[in-house]
Amino acid sequence: MRTEAIDPPGIMWQRVSPKYVTVRVVQWAIGNLVAVLVLSLPLLLVLTGWWRWLPLWLAITVPAAILALAIWRLLLIPRQVRAIGYAERDDDLLIRTGIFFQRTVAVPYGRMQYVDIAVGPVERGLGLCTLKLHTASPGTNALIPGLPAAEGARLREQLSARGEARLAGL
Amino acid sequence: MTAEGIPVEPAKQPAQQPAQPISPLGTHEAPDGEWLRVHPASPFIRGWVVLAAIGFFFGRDLFERMLQGRPVLEDGFTGRVPWLVAGGGTVLLIAVLGFILTWYFTKYQVSEGYVRVNTGFVFRQQRQARLDRVQAIDIVQPLLARIFGLAELKFEVADAGESAVRLAYLRTDVARQLRATILARASGVVQAAGRPQEAVPEAPEYPVLSVPPSRLIGSLLLSEQSFFVVLGGVASVVLSAVTENRSFYFYLIPAVLGLGASYWGSFNKGYNFTAAISPDGIRLRYGLLDTQAQTLPPGRIQALKVVQPPLWRMFGWYRIQVNVAGYGAGGNNGEAASRTTLLPVGKLVDVMSMLSLVLPDPGTPEPGRIFAAGLNGLDSDGGFVTTPRRGRLLAPLGWRSNGFAATDTALLLRSGRWWRQLVMVPHQRTQSIAMHQGPLARRFRLVDLVLHTTAGPVQPRLIQAGLDEARALFDEQSARARLARKRQTSEQWLAQLDPHQVERLKETIPSITPVQEGQQDG
């Protein structure tokens, strides 16, 4: 199935740094490898003969299925990172994410209450940062991950300046 | 890990005097408005539980002895009496002293653009809130305070947490006067120069509607909760009959007690509900034992939802809930829920008058028809755009009703066939917009559109709209919200409303004629 983007046509999306794939892979590894290792524990116990009640096929299938799922998600990461985009329009910032579950959000500059920049340990090593926009609504949840540090700083200044110029009340 | 935040400066008010320096703690001279104290009895009313506990602890034994006819003091006990009395007296003294100190150190002031409250004597706290940022102002009277003629004033700003300013307790007339003063200054009424202390007259108000007790009881009996109560009751009877286990009923006792408390809470909160309109905004009053009077200044309602649970349809009843920035999310029950309820139960006429109060300018020549279509309509009644026919497999019941309609001032979202719901978001209150699409919806070229507003019971979401329609709406809505924001320049609402607004409002209410009851779809 050819995926059709839901976002408005004719927008030049700025993509995030390809290095962000590494950050996502590290996150993936921490989450998924631990899960697979824990689920492989029964297999080890069955193979060493400690557990006799568990059938061998079940002990193999569960971790294998999780592993397959994890690998699939690993393979998806580069595409997901490529799918993240943002566009500065005259009055709002557009952010899009996702291929399978798509989400496009428009945050008007005048509605931004404050802008956060967060840098994790892996991101710092790669010179990246995550920018988060906050409005008066908890539902906004607009973040741009994997920005090069300089671009993040530029965007933050830009957004703050535009926000001040257009700030509206609640 | 570093995080940087850039707080955006609050909007500059062109018409306002330059912000005055915050007076440091302890200095009691303010350029305008003297520091006042709350009523001396208030700590005792707030802390009556403590006094009652002390009294109970020391008095119970004595009382029981007297009842049983035993000597009040036993022989071996007499020696310790002075110690006990001294101990009890000390505890009582400390409690009372603490009360007096809290009272002494609690001071408030209303000066040019701010209301300030100082509290605490060990850990001091000074709070100040900008008057033009008021989101709502409430006068609360718990039963005990009501007996003594006292009231609590709550002043909400846009922070979904605790009340910005809470003054407990003031004499009722003082609280009302203070509310009038705060609202007058927040609205931008210009005070006579040189006489800032002159009392501001309370804004006149016109009653709009009230909920009779019989309808309130009926609505509670037919509520969603009752449905599950009946279901649970039937299930437990069947279970006990099948298992022949009588002890089962014992487990129901706490459930029944809890339900009784819950019904009583709803009844107590919703009793004698009246709504009125004044230049200061919408006034809501309700309560049987504890009474509450809310004032929502114009334009403070971020989003609104009209709901009709299935059982209410036979009487044509609706409920209205709102998002207000200071009120926060609000649970299913309790104070937060009642504060976010604009109308606990009402007929179509009541709903229409409330809608006309919330949205004085509906932005359409025939608001009655569009709102009625939003409540009861199907398909393209009233200009609604619904889920395209290809989506009927995803929403076999709702596809004809899920849809949107936009007027010049607000976006209306209709959803649900059984559980009918109409959400209204004024364009100038939209924070941000998002489109969501999952793999299944993509098969049908459908998309969900979410409007983000402040935290509250209303979560506006247009479900399963056609891709092209949603895309167009996404763009149009951004543009409309931008225009509406430009039009709204001041937080002081008198700058946006002209003085004859209320008179015109009164005229528009009867003109919005609801559709006939017979036209409702069964």
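Predicted model: local features only at pLDDT ≥ 70, side-chain atom pairs only at ≥ 80, totals over all residues.
In chain B, 4 strands make up an open sheet with antiparallel pairing, in the order 2-3-4-5. Strand 2 (36–37) and strand 5 (125–130) of chain B each have a single partner strand, so they stand at the edges and one side of each is left without a neighbour in the sheet.

- Strand 2 of chain B pairs with strand 3 (residues 107–111) of chain B over 2 bridges, in the antiparallel sense.
- Leu36(B) has Tyr108(B), in strand 3 of chain B, as its bridge partner.
- Strands of a sheet pair through backbone hydrogen bonds, and the pairing may be parallel or antiparallel.

- On the chain A side, 47 residues are in contact with chain B, and on the chain B side 43 residues are in contact with chain A.
- The rule finds 2 salt bridges across the interface of chain A and chain B.
- Asp91(A) forms a salt bridge with Arg482(B), and the closest N and O atoms of this pair are 3.3 Å apart.
- The interface of chain A and chain B also holds 14 residue pairs in polar contact, with both residues at pLDDT 80 or more.

**Interface: what chain A contributes**

- Two or more residues of the side that touches chain B come from each of strand 3 (92–97), strand 4 (102–108), strand 5 (114–119) and helix 4 of chain A.
- Strand 4 of chain A gives 7 residues to that side, the largest share.
- By residue class, the side of chain A that touches chain B divides into 24 nonpolar, 11 polar and 12 charged residues.

**Strand pairing between the chains**

- Strand 4 of chain A is joined by 5 bridges to strand 20 (residues 432–437) of chain B, and the two strands run antiparallel.
- Within this pairing, Arg103(A) has His436(B), in strand 20 of chain B, as its bridge partner.

**Backbone details**

- Between Ala168(B) and Tyr169(B) the peptide bond is cis, with omega near -10 degrees.
- Tyr169(B) belongs to strand 8 (residues 165–171) of chain B.
- Asn141(A), a residue other than glycine, has a positive phi, near 45 degrees.
- The place of Asn141(A) is the loop between strand 6 (128–134) and strand 7 (142–148) of chain A.

**Confidence of the model**

- Chain A has an average pLDDT of 88, with 96% of its residues scoring at least 70.
- For chain B the mean pLDDT is 79, and 81% of the residues reach 70 or more.
- Residues 192–196 of chain B stay under 50 in pLDDT, and the model has 3 contacts for them beyond four places in sequence.
- In residues 497–506 of chain B, pLDDT also stays under 50, and the model has 14 contacts for this stretch beyond four places in sequence.

Terms used
Residues numbered from 1 in each chain as written. Chains lettered and ligands numbered in written order. Heavy atoms only, no water. pLDDT = per-residue confidence, 0-100. Pairing = 2+ DSSP bridges. Contact = heavy atoms within 4.5 Å. Salt bridge = Lys/Arg side-chain N within 4 Å of Asp/Glu carboxyl O. Polar contact = N/O pair within 3.5 Å; in protein donor to acceptor, adjacent residues only side chain to side chain. Nonpolar A, V, L, I, M, F, W, Y, C, P; charged D, E, K, R; others polar.
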